[in-house]
Structures are given as C-alpha cells and as structure tokens.
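Subject: Handover of a structure

Dear colleague,

Please find the structure below, which I am passing on to you together with my notes.

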Amino acid sequence: MEKLVKLGQDMILLWDNYGAAYLSGIVNTVILAVVATVIGCIIGLACGILNTIPYSPQDHAAKRTLLKVVRAIVRIYVEVFRGTPMVLQAVFIYYGLPYFTDGRVAFSGNSGIWLASIIVVSINTGAYMAESVRGGIISIDPGQTEGAMAIGMTHVQTMTNVILPQAIRNIIPQIGNNLIINIKDTSVMFIISFTEFFAWHRYIVGVNNMYFPSAAIEMIGYLTMTLIASFLLRLVEKLMDGSDSYELVQTDPLTMTAGTYNYPDRGTPFDERSKEYRERTKESLKNRNGSTRGER
Amino acid sequence: MGEMILEVRHLSKTFGSNQVLRDIDFTVDKGDVISIIGASGSGKSTLLRCINLLETPTSGEILYHGQNVAGRGINPSAYRSRVGMVFQSFNLFNNMTVLENCMVGQIKVLKKNRDAARRSAMDYLEKVGMAPYINAKPRQISGGQKQRVAIARALAMDPEVLLFDEPTSALDPEMVGEVLTVMQALATEGMTMLVVTHEMAFARDVSTHVVYMNQGVICEEGTPAEVFGNPQRQETKDFLSRFRNA
Ligand SMILES: Nc1ncnc2c1ncn2[C@@H]1O[C@H](COP(=O)(O)OP(=O)(O)O)[C@@H](O)[C@H]1O
Ligand SMILES: [Mg+2]
C-alpha cells in the first residue's frame, strides 16, 4: 500500500518538474499519428482503387499492360513496407536521402525530422490500408455495380457514388485500428530524434533514474490517447450508419401483408433483413479482431 | 406493329468452351411485351445481359435503332441508360435512401438538376406505390418493396425498353403479386418490356409475345395464344406441361 502512495508521490513529483515536457510529447505524438493516419488512408485508398480497376480482354492492350504494371508496383510497395520494421524504415529513409545525394538534400533540422517521421509513418500505414481498401471494395456485392452500370453509370461514377461510400464505412474499424497502432508505434521515431511522448520518457529517466514512475505516467498517457481515439471512431461509425428507422410519409397501397408495416429492423417473418443484419455484424466483428496489423 | 427498337442478329455467347447462346435472332418493337420462358440454365439471363452489354457477345449484332451496339467504339453507358434493367436480386444501392436510389442516375448520367430529378423520382415512386418509403434505406424494406423501388429507379431514367430478369423469383410468395401488379400496369401503359419469367400467368395474360428458350436457342415463339394454346414443338409441350401439373 505504501508502495502505491510512494508511486503516486513520485509521479506527482515528476509531473511537477516535467509536466510540460510530457504534454508536448503527447501533442507531438497525437499530431504525428493523426496526420500520418490521414495521409496513409489517402495512399491506401489510391492503391486500393488502382488495384480494383477492372479490365477485360476486350480492352485496349495498352490499358491492360498499364493496369498490370500498376498492380505490380502496388504489390511490391505493400510487401516491402509490411515486411520490414518501421523503426528500420525510418533510419533507412532518414539517412538514405543524404547518402544518395551526397548530403545535398537531407532531412535537416526539426522540420526535417517531422517531415521524415510523417513520410515513414504515412507510407507504412498506406501499405496496410491498401489491402484493407481492396478488401472493402471487393466485399461490396457485385450486384450493386451491375445495378449502377445498368442505369448508365460509368466505372468512376459507380465507384464514387456507390462502392466507395460503402467500402469506406466498412473499413472504418481498420482505420481506427491503424490510428491506435500509430499512436503507439510512433514511439520508435526516437531513432531519428523525433520528440514524441516516449522520447521524453527516455530523456527524463536519463536525468533522474525514475524509471518506474515515469513508465507509469507513460502507460496512463498512451492508454488515455488510445481510449479517446476508439471512442471517437465509434462515434464516427454511428454517425455514418444514420438512423435505424425512417418516417413513413403515407400508407403504401400495394402492400397486402401486414408484416411490412412493422418497424423493419425487428425483422418480420417475410423479410431477409435480419439475416443481412447478422452478416453485417459478423463482418464488422471480424474486421475488429482480424486486424491486418495484428502482428505488429 | 410499332417502330423497331432492338434487333438481335445471330447472337452467340460462349463462356470458355460452354456455348450458352447460339444464333439468336429476334426483334423488339415499340410497345412489345415479350416474355422469355424456359428451363433454368437455358441462357435467358445471358441473353438479357448481352442485350444490356453486361456481357460481351461472342458474335452477332445487337442493333439499337439500326446501330450495332455490340461492336467496338460504342459508349456502353449512354446506351445502357436507354435500356433499363431490373434484376432478380434488386441490386439497389445500399448506401442511399429509396429516393436517392431513384435520383442518382438522373443526376449523374442524365445531368438533370436535383429538383427535376427529385420530381420525376417522386412520380415514379408514387406509381409503384413506394412514395411513403422515400426516406427508408434498402435494408429497411421488404423484398417486394425493394423490387418496386428497383423498377422506379429504372423508369426514372426514362428508358425506351425495360429488361426484367426473373423479377419475382427471389420474392416470398406474398410479395409476388405487388410486383406483378406494377409490371402489368406498365405493360398496359405501353412500356416496351422484355421479361424473363417463370410466372406463366403473366406470360399468358400480359405479354404480346412469348419466346421459349431451350439450351441456348429460341425453340419456339409466337403470341401467347399460339405458344400456350397450340405449341408446335415437343420441347415446348414438355416444358409447359410441367407448369400445368405444378
Ligand atoms: N459468367 C459466366 N461464366 C460461365 N458460365 C456462365 C456464366 N453465366 C452463365 N453461365 C452459364 O450459362 C448457362 C446459362 O445461364 P443463364 O443465362 O443464367 O440461364 P438462365 O437464366 O436461363 O437460367 C448456364 O449453364 C450457366 O452456368
Ligand atoms: Mg437466369
């Protein structure tokens, strides 16, 4: 018991002396994680879309070749960045640039460190999101694509109006997953002297050796950030799903069965909605657990 | 006989080594209601999908007002917006409300403004009895209601021909009637329709023409009275007798 009191006192002591440092670390961590997640999602979206452009033997040979080359490039990008540690990628890029340009171009100064960190984390996130986006697009039933084509919509119109809104909704759990991972994993950016939350821990304990109390502050700090992130993402999911019910504007003259007047999400014996609903729930659970970055 | 809208000439379709359609010839005139009947696997869906260019014909021509749309150099999107299609599985856009489903094509493809699109969407939803549900999402309505919305969505593009691929086959029996009622009303108003169906009563009572398909060829065709009353081919008789006994 007195150990806990002692821990509390030590933490307060640390906070009194280094609170501003810890907080600036938290701010840097959050900015890096959010910016890199957003950019990573854009990269992933672009790759996923490029990877799902359909082509058929009727298409022009140039178009087919181009699409194949694009797919190969995306494949290599995904494999390289998923298959190497991010901490190493950071070193590789940060020191690689001056190496190859004989020091003429380098990530210099604080802004250089920021730039390199954002690039590394974004590219890394993009590699993971590319696969998620592709999966999200493929999982939308092809019937909707045919429905769109049948009213004369082009591939681009179909993607932007029908497929992507649904695919993006379906991959929000993955985006959340990546944001949380980025909040934690940006800690490896200390390797190129990025001063995020964990870097301050390393600095502070180097001065006063208070390893455990500082680690406790870090644990609480990271957990707070990730919990807030999960909560916000749940909120976004809820907003995107919209209302569960709808206003009946007047009565329906053609429906003979009483069942269809019911509030539909309860599931009447005559409809298949409950099944869809089950499948959707199952799907989203799968997305949450079978995270693509689980192995990290 | 009205003016000719579609003419299918020597149409064949092969999937790998499986020849699904062979040398199909027929015409669709304005105001025709053509029912296509036949056993499952006889190529009825493939025929409709070729007509709408969802499948590329292996050989043959599809003439739309005399112009071959099956060749290269044709913009399939523009043509498809003139030839509507209603699917067995509805294929509504799940991210949109009933009203938006009927507006999006008008706005994006026909480039109408939102107000005009909304007005005509409302007209057609009214016609299929779905006006009360404009704010519902597809997952919130029944199968029969979904199919009526799908019909309204196709009508909202103001097509010249409507293709129906077994529009009632995925429905529970209670809901078949509401969809057939809508289709019958369209036929009465003179809509040109091509309907793949297993609803023999609809084929007999509503259509102007009946086409019986068997193993990728048109085995017999004629007026409903001819095909149902006095079938010439043994295959047709066998097929129809299965429905009488059922
Ligand atoms: N995309 C496809 N790839 C290969 N075979 C197909 C494809 N679509 C249809 N088929 C085959 O074509 C035949 C006719 O199918 P279909 O046109 O759906 O018949 P129907 O609508 O009359 O039941 C079937 O044998 C089916 O297996
Ligand atoms: Mg079929």
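The notes below begin with conventions and then take chain A, the ligand and chain B in turn.

This is a predicted model, in which local features need pLDDT of at least 70 and side-chain atom pairs count only at pLDDT 80 or more, while totals for chains, interfaces and linings use all residues. Residues are numbered from 1 along each chain as its sequence is written, chains are lettered from A and ligands numbered from 1 in the order in which they are written, and side-chain values use heavy atoms, with hydrogens and water left out.

Chain A

The secondary structure of chain A consists of nine helices and zero strands; helices are DSSP runs of H or I with at least four residues, strands are runs of E with at least two, and both are numbered from the N terminus. Of its 296 residues, 43% count as buried, where buried means under 20% relative accessible area, exposed means over 50% and partly exposed lies in between, with a 1.4 Å probe and protein chains only. The accessible surface of chain A is about 16,200 Å², and 67% of it belongs to carbon and sulfur atoms; such areas come from the Shrake-Rupley method with a 1.4 Å probe, and for residues only the protein chains shown count as cover. Among contacts (heavy atoms within 4.5 Å) between residues of chain A at least 6 apart in sequence, 74% join residues at least 24 apart.

Helix 4 of chain A, residues 109–138, has 30 residues. From first C-alpha to last it reaches 43 Å, close to the 44 Å expected at 1.5 Å a residue; the expected span is 1.5 Å times one less than the number of residues. The helix has a kink of about 30° centred on A:Met129, the bend being the angle between axes fitted to the seven residues ending there and the seven starting there.

A:Thr29 belongs to helix 1 (residues 2–51) of chain A. A:Thr29 counts as buried because its relative accessibility is 0%. Leaving aside neighbours within four places in sequence, its contacts include A:Ile183, A:Glu196, A:Phe197 and A:Tyr222.

Ligand 1

The residues around ligand 1 include B:Phe15, B:Asn18, B:Val20 and the residues B:Gly43, B:Lys44, B:Ser45 and B:Thr46; a residue is counted here if one of its heavy atoms lies within 4 Å. An oxygen atom of the ligand lies 3.1 Å from a backbone N or O atom of B:Gly43, one lies 2.8 Å from a polar side-chain atom of B:Lys44, and one lies 2.5 Å from a side-chain N or O atom of B:Thr46. The protein covers 58% of the 570 Å² of accessible area that ligand 1 has on its own. Helix 1 of chain B gives the largest share of the shell, three residues.

Chain B

B:His65 has a positive phi of about 50° although it is not a glycine, and lies in the loop between strand 4 (59–64) and strand 5 (67–68). B:His65 counts as partly exposed because its relative accessibility is 37%.

B:Val104 is in helix 3 (residues 98–108) of chain B and, at 8% relative accessibility, counts as buried. Residues up to four places away aside, B:Val104 touches A:Met153 and A:Asn161 of chain A, among others.

With kind regards

Terms used
A polar contact is a pair of N or O atoms within 3.5 Å; within protein, one must be able to donate a hydrogen and the other to accept it, and residues adjacent in sequence count only if both atoms are side-chain atoms.
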